Amino acid sequence: MSDRLIRARCKSCGGEMNYRPDKPNALTCDSCGATEVLKVGSDQVVERDFREALKTGSAPKGMGVETHDFKCKGCGATTMTDASVSSIECSFCGTPIVKPDTYAQNLIQPTGLVPFKVDKRQAQQAFGDWLGQGWFLPSDLSKIAKLSKLDGVYVPYWTFDAKTHSHWTADAGYYYYVEVEYTDAQGQKQKRQERRVRWVPVSGQYHDFFDDVLIPASTGVKIENARKIEPFTLKELVNFEPKYLLGWRSEAYAVDPETGFSRAEKIMDEAIRDACAKMIPGDTYRDLNVNTRKYDITFKHILLPVWIAAYKYGEKTFQVLVNGQTGKIGGEKPISWIKVALTVLVVIVVVVVAYMVFKKP
Ligand SMILES: [Zn+2]
Ligand SMILES: [Zn+2]
């Protein structure tokens with residue numbers, strides 16, 4: 001392993017020490033297998049006041065060690081490694097990058113991370129199994145699984161907490177029925193029931209507390225793929241300790257805290273609107289207007305473990321993610337249009353045959 005943030009030497013043999021998923025809470029020597037216990041705590045995984053941190057820039061910066069930061073021209077992601085590494089292949093899209101710089105030192109330091117629990121072999125297995133599932137896959141796809149590059153990357157996230165107080169107004173609608181006269185096709189007068197709505201203005205208050213709204217801060221990981229491998233168990237967050245990154249890559253966040261918070265607000269606002277809508281009496285409603293004040297807003301910057309495979313099929317690059325904590329997999333697969341066309345053809349034939357057989361002469 002040469003892509004690394006910092007180095008630790010084995011006290012017994014001088015070999016490289018790495019973090020391994022099968023030996024949690026320790027560093028393991030590559031050469032002799034000696035271990036060094038990592039001090040694990042979660043007391044520093046605390047939320048910081050959001051507005052205060054933005055105003056004063058008081059949040060700690062950098063990764064605590066010198067890094068080389070490789071910005072990918074292909075996908076825009078910045079991968080961080082040890083300062084000794086001079087070139088990498090982007091984990092997210094496979095683009096080779098040769099010229100590192102160091103800009104990530106100005107970024108807000110993570111407060112916590114979830115260590116990898118799923119090792120490379122398990123991730124590879126999950127990837128292979130997953131590639132084999134599905135009707136419309138090209139037949140040679142499972143061969144690609146063996147060729148794929150699989151990188152363990154600590155992916156950046158923001159989490160936001162907020163208390164909310166909302167005042168809402170709406171028109172509550174109550175159904176009632178009236179008898180209406182009409183003239184039918186034969187010119188006869190008829191009566192029928194018709195529904196009407198009586199609108200009544202209503203209003204109310206709603207309080208909520210949002211805990212750990214999770215926002216991916218990555219640009220290398222596609223957001224729709226990131227959502228597929230959720231949830232992460234954030235109870236397992238430990239204090240940020242650069243030694244956990246030994247032998248692994250990490251990505252610098254590309255979504256700044258302000259943008260992250262506006263995304264979190266959208267999620268909160270939708271949940272609040274749904275909750276307010278449920279409070280409206282009557283059979284239906286219209287013109288729901290929600291006014292929300294958010295306060296005690298706090299945030300955390302955290303790193304979560306993700307296995308990333310970027311594989312090429314034909315001209316296209318597909319991204320697959322494996323949750324490094326739970327093993328949940330999600331991503332993109334190519335579609336074999338020949339198989340789709342054949343299936344459509346079979347369905348048409350079946351329908352036509354069924355029609356011929358059951359058609360009454
Ligand atoms: Zn050793
Ligand atoms: Zn890339």
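This is a predicted model: local features need pLDDT of at least 70, side-chain atom pairs count only at pLDDT 80 or more; totals for chains, interfaces and linings use all residues.
Some ground rules first. Residues are numbered from 1 along each chain as its sequence is written, and chains are lettered from A and ligands numbered from 1 in the order in which they are written. Local features need pLDDT of at least 70, side-chain atom pairs count only at pLDDT 80 or more, and totals for chains, interfaces and linings use all residues, while side-chain values use heavy atoms, with hydrogens and water left out.

Let's start with the metal. Which residues hold the zinc ion (ligand 2)? Cys72, Cys75, Cys90 and Cys93 do, each through SG, at 2.3 to 2.4 Å. A donor here is an N, O or S atom within 2.8 Å of the metal (3.2 Å for Na, K and Ca); water is not among the atoms, so sites may look incomplete. In sequence, the donors of this zinc ion follow the spacing C-x2-C-x14-C-x2-C.

Now the geometry. The 4 donor atoms subtend angles of 98 to 114° at the zinc ion (ligand 2), and that makes the arrangement tetrahedral. For reference, the ideal angle for four tetrahedral donors is 109.5 degrees.

Cys75 is in the loop between strand E5 (67-71) and strand E6 (78-82), and Cys93 is in the loop between strand E7 (88-89) and strand E8 (96-97), so the pair ties together parts 18 residues apart in sequence. Helices (H or I, at least four residues) and strands (E, at least two) are DSSP runs, numbered from the N terminus.

Are they buried or exposed? Cys75 is partly exposed, at a relative accessible area of 24%. Cys93 is partly exposed too, at 21%. Buried means under 20% relative accessible area, exposed means over 50%, and partly exposed is in between (1.4 Å probe, protein chains only).

Next, helix H5. H5 covers residues 257-279, which is 23 residues. From first C-alpha to last it reaches 33 Å, close to the 33 Å expected at 1.5 Å a residue. That expected span is 1.5 Å times one less than the number of residues.

What is buried in H5? The buried residues include Phe261, Ala264, Met268, Ile272 and Ala275. Keep the general rule in mind: an α-helix has 3.6 residues a turn, so residues three or four places apart point the same way. The cover over the buried residues of H5 includes helix H1 (50-56), strand E10 (149-183), strand E11 (189-216) and strand E14 (284-313).

On to the rings. The structure holds 14 aromatic pairs. Rings of Phe, Tyr and Trp (its six-membered ring) pair if their centres lie within 6.5 Å; planes under 30 degrees apart are stacked, over 60 edge-to-face, and the rest tilted.

Take Tyr157 and Phe232. Their ring centres are 5.9 Å apart and their planes at 65°, so this pair is edge-to-face. Tyr157 lies in strand E10, and Phe232 in the loop between helix H4 (223-228) and strand E12 (238-239), so the pair ties together parts 75 residues apart in sequence. Tyr157 is buried, at 1%. Phe232 is buried as well, at 8%.

Then Trp158 and Phe299. Their centres are 5.9 Å apart and their planes at 45°, so this pair is tilted. Trp158 lies in E10 and Phe299 in E14, so the pair ties together parts 141 residues apart in sequence. Both Trp158 and Phe299 are buried. Ring pairs also link Phe50, Trp158, Phe160, Tyr253, Phe261 and Phe299 into a cluster.

The charged end of Arg192 sits over the ring of Tyr182, 4.5 Å from its centre. Arg195 lies over the face of Tyr175, at 3.8 Å from the ring centre. The test is NZ of Lys or CZ of Arg within 6 Å of the ring centre and within 35 degrees of the ring normal.

Last, the backbone. The peptide bond from Glu230 to Pro231 is cis, with omega near 5°. Pro231 is in the loop between H4 and E12. Asn25, in strand E2 (residues 23-29), has a positive phi of about 65° although it is not a glycine. Asp212, in strand E11, has a positive phi near 55°.

Methods:
Four donors count as tetrahedral if all angles lie between 85 and 135 degrees; four count as square planar and six as octahedral if opposite donors are over 155 degrees apart and all others between 65 and 115; anything else is irregular. Contact means heavy atoms within 4.5 Å.
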